[in-house]
Protein chains: 2
Amino acid sequence: MEKKVIKAGLIGFGTIGKGVVKLFKNSGSIIDAKSGVRVELKKICDLDIKTDRGVKVAPGVLTTDINDIINDPEIDIVIELMGGYRPAFDFVLRALNSGKNVVSANKAMISKYWRELRQAAQKNGVSIMCEASVGGGIPILRGLEQGLAANRIIEIRGILNGTCNYILTKMTMEKMTFDAALREAQQKGFAEADPTFDIEGYDTMHKAIIISNMSFDSRFSERDVAVQGIKGIDFTDIQYADELGYVMKLLAIASRDVDGVNIRVQPSFVPKDNMLASVNYEFNAIYVKGDAVGETLFYGRGAGEMPTASAVLSDIIHIARNMAHGYTYRKAQIAVKEAAVKVKSIGSIVSKYYLRFSVSDRAGVLAQIAGILGRYNISIESVLQKARHSVSKVPVVIMTYEANEADLRRALKKIDALATTKEKTVVYRVIN
Amino acid sequence: MEKKVIKAGLIGFGTIGKGVVKLFKNSGSIIDAKSGVRVELKKICDLDIKTDRGVKVAPGVLTTDINDIINDPEIDIVIELMGGYRPAFDFVLRALNSGKNVVSANKAMISKYWRELRQAAQKNGVSIMCEASVGGGIPILRGLEQGLAANRIIEIRGILNGTCNYILTKMTMEKMTFDAALREAQQKGFAEADPTFDIEGYDTMHKAIIISNMSFDSRFSERDVAVQGIKGIDFTDIQYADELGYVMKLLAIASRDVDGVNIRVQPSFVPKDNMLASVNYEFNAIYVKGDAVGETLFYGRGAGEMPTASAVLSDIIHIARNMAHGYTYRKAQIAVKEAAVKVKSIGSIVSKYYLRFSVSDRAGVLAQIAGILGRYNISIESVLQKARHSVSKVPVVIMTYEANEADLRRALKKIDALATTKEKTVVYRVIN
């Protein structure tokens, strides 16, 4: 099905939608040249077509009726930027089933319905792409699917949420408290009025699922991911991290070994000489370890109008170029092959740990803690005991060698139950 | 031209060739799954088919006759890993003209004959890919051509030579002299017995040309690149860089503005908080700034058997997948559109500079130097004057604000001619 002009329809005229419209206007010649065919944005659908977005749109392009896009036989590419599970999923499914290619930046939908979307796309001999759903402008999904295509992916570590990274960077570099850093992020527009979704780690979780689905050719759900956000991280631990040669980063980690895959979202201690430690403020980065390529890292802006639009357009160009060259997605030629990958529980992982105990300042307390850790096969790498902050309790910081998470949890249960333990022990995983 | 099995022929059974054969053996299932078709390595051509490479090869696969590959109608993909300008270019041209796709890791050939190779590929409706020619396993060419397809590339800064980066890292981290670091690089196999090609910057230049050709859709030659290697870099300057908050890196820089493109290879002062400053030892990284995506960085192993093989296979999978899906490269449909990009001379660039003068320890010398710099519109940001090393000469280090390179050269000509100047002034560009 070759065409002289390929027409696209956009659903969702928000920030990213605006960026996409701008790119079509300002870089149309590049888009056409790279596609090898003229690409036009024919329709834009949004419930609000009154508000001025500051970009000129030709009359008749705007509509509030989704059918003007989904039922238009001239439109070959549907760009879904409305976000959320539904009705986005229903619209995209209808688009795929009416033989249209889909480009989406919707991480919630893609992470939840990836299998259904891929199957629908293949059944209809079209394609669904979502580069913008992870890492904003960073071409990470292409990197995984194409650039590293010959690799077995062993581990992925991603800084995937600009809001959290901005807050942690502010706390680290400018010695701010969590609340102060969050307030500033909100003032600068890096955080929502209700930041729950970001700081509780759910946004990072969605992206972790998308990356894992692609990397391990499987299908993971929210239940498969152990999620810990950065909400209320204590500045004390940011300071200890610095003293010990680390920086705190919220990481999405997906690791595979012979037993299966473990996916987790966790604030982590990252060594200062690790590339991820240099990823600051609103920037994102994804570290990928493959069996052939070894260690790689992809870095860039993980959000924002133009970076995200850049990723959306890269998908549009890819599809347009394929159409222009007569690439036909053979229906169901590539079956949705999903290896049955075992999901490993968080308890099964092995890691080094940072532990901060709050204990009463009595002789023998450290010995007691060390004794319990030892009984659960947790060896101590270093101990940091500070001058007492108060008479009632003193902080004791312990860095462990690699230990099993389940063992550690059992040990901490015992330690937190001691009369000499004044507060729940603070735990962070330490990556190498 | 759909096929059940796609057959490839390999020219050049050296280190990377060995890696490619290993990947075919160990990851065949992945390669076939990603390609959507079975891919076989049918022939391997090398002058030496006696030496045991430590990988099993089926009988009849090895040959010393290039025609067994180029004249075999069954072979659809030719993998060229022999290196050098010729006869590689002649073989590849013959392969393209006999309707075969080509995958090459040959930076010398690709940098010199890109236009001819693209034209031949398009004339014959086949494709030529060379991901492995720049950045080893890092999928940077795909990133530029596909992931960032909607962007106007504004600037590229690359650490593209593992040998040089290893030497500079050793000098910086372990306070080694250039010669000691080079010797160690040679012992570890990171540098050739004759390291000229690497340390003089020619290898980096080839990669800079390839990246520039792709990024600016133009065609540059060696004459268009100002090249300065790292040979004989003085440890003194590595130390001053550290004191001033910088690290020395050999960078390939390609920058574009309204007047044109400037391409240069130069040892540069990189601020410690710049991501490129964290790229150490044999690793490579490419910083890309696009008008929509903003700043991105791609990092990984720039050389080596398996990382490079990973890149070669990613190209093979791409071609096989296209063939399996009936993608037909329309003959000359995408004309080789090469924008006539003006090449800007090195004299026209604007940069900050690090200057180390060796002058006689007399009152008024600094004033004299500052005076000359001022007359050529070069403003001083900071001055570092150390205790005298000898009675005869003292070092004076000056960091400038942004200045025009031509102005700087004129000023230094004057300064180096002064009776009080004891040695040629050392100059390095400082990036921000």
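This is a predicted model: local features need pLDDT of at least 70, side-chain atom pairs count only at pLDDT 80 or more; totals for chains, interfaces and linings use all residues.

Author: A:Cys45 is buried, because its relative accessible area is 7%; buried means under 20%, exposed means over 50%, and partly exposed lies in between (1.4 Å probe, protein chains only). In the other chain, B:Cys130 is likewise counted as buried, because its relative accessible area is 4%.

Residues are numbered from 1 along each chain as its sequence is written, chains are lettered from A and ligands numbered from 1 in the order in which they are written, and side-chain values use heavy atoms, with hydrogens and water left out.

A:Asn161 is buried, because its relative accessible area is 5%. Once residues up to four places away in sequence are set aside, A:Asn161 touches A:Asp198, A:Asp203, A:Thr204, A:Lys207 and A:Asn284, contact meaning heavy atoms within 4.5 Å. With two of these residues the side chain of A:Asn161 makes a polar contact: the distance to the side chain of A:Asp198 is 2.7 Å, and that to the side chain of A:Asp203 is 2.9 Å. A polar contact is a pair of N or O atoms within 3.5 Å; within protein, one must be able to donate a hydrogen and the other to accept it, and residues adjacent in sequence count only if both atoms are side-chain atoms.

A:Asp203 leads on to a further partner. It forms a salt bridge with A:Lys207, and the closest N and O atoms are 2.7 Å apart; the term denotes a side-chain nitrogen of Lys or Arg within 4 Å of a carboxyl oxygen of Asp or Glu. Side chains of opposite charge can pair when their charged atoms come close. Both A:Asp203 and A:Lys207 belong to helix 10 (residues 202-215) of chain A, where they stand 4 residues apart, about one turn of the helix. A:Asp203 counts as buried because its relative accessibility is 3%, and A:Lys207 counts as buried because its relative accessibility is 6%.

Other salt bridges provide points of reference. In chain B, B:Arg142 pairs with B:Glu131, and the closest N and O atoms are 3.0 Å apart. This pair links distant parts of the chain, 11 residues apart: B:Arg142 lies in helix 6 (residues 140-147) of chain B, and B:Glu131 in the loop between strand 6 (128-129) and helix 6 of chain B. B:Arg142 is buried, with a relative accessible area of 7%, and B:Glu131 also counts as buried, at 2% relative accessibility. In chain A, the closest N and O atoms of the salt bridge between A:Arg86 and A:Asp90 are 2.6 Å apart; A:Asp90 is partly exposed, with a relative accessible area of 29%. A network of salt bridges links A:Lys7, A:Lys42, A:Asp72 and A:Glu74. The whole structure has 64 salt bridges over all chains.

Between chain A and chain B, however, the count of salt bridges is 0. Across this interface there are 11 residue pairs in polar contact, both residues of each being at pLDDT 80 or more. The elements that give two or more residues to the side of chain A that touches chain B are helix 1 (15-26), helix 2 (28-35), helix 6 (140-147), strand 12 (294-301) and helix 12 (305-324) of chain A. Helix 12 of chain A provides the largest share of that side, 10 residues. The contact involves 52 residues from chain A and 52 residues from chain B.

Finally, A:Val365 is found in helix 13 (residues 365-375) of chain A. A:Val365 counts as buried, at 4% relative accessibility. Beyond its neighbours within four places in sequence, A:Val365 is in contact with A:Val359, A:Ser360 and A:Thr420.
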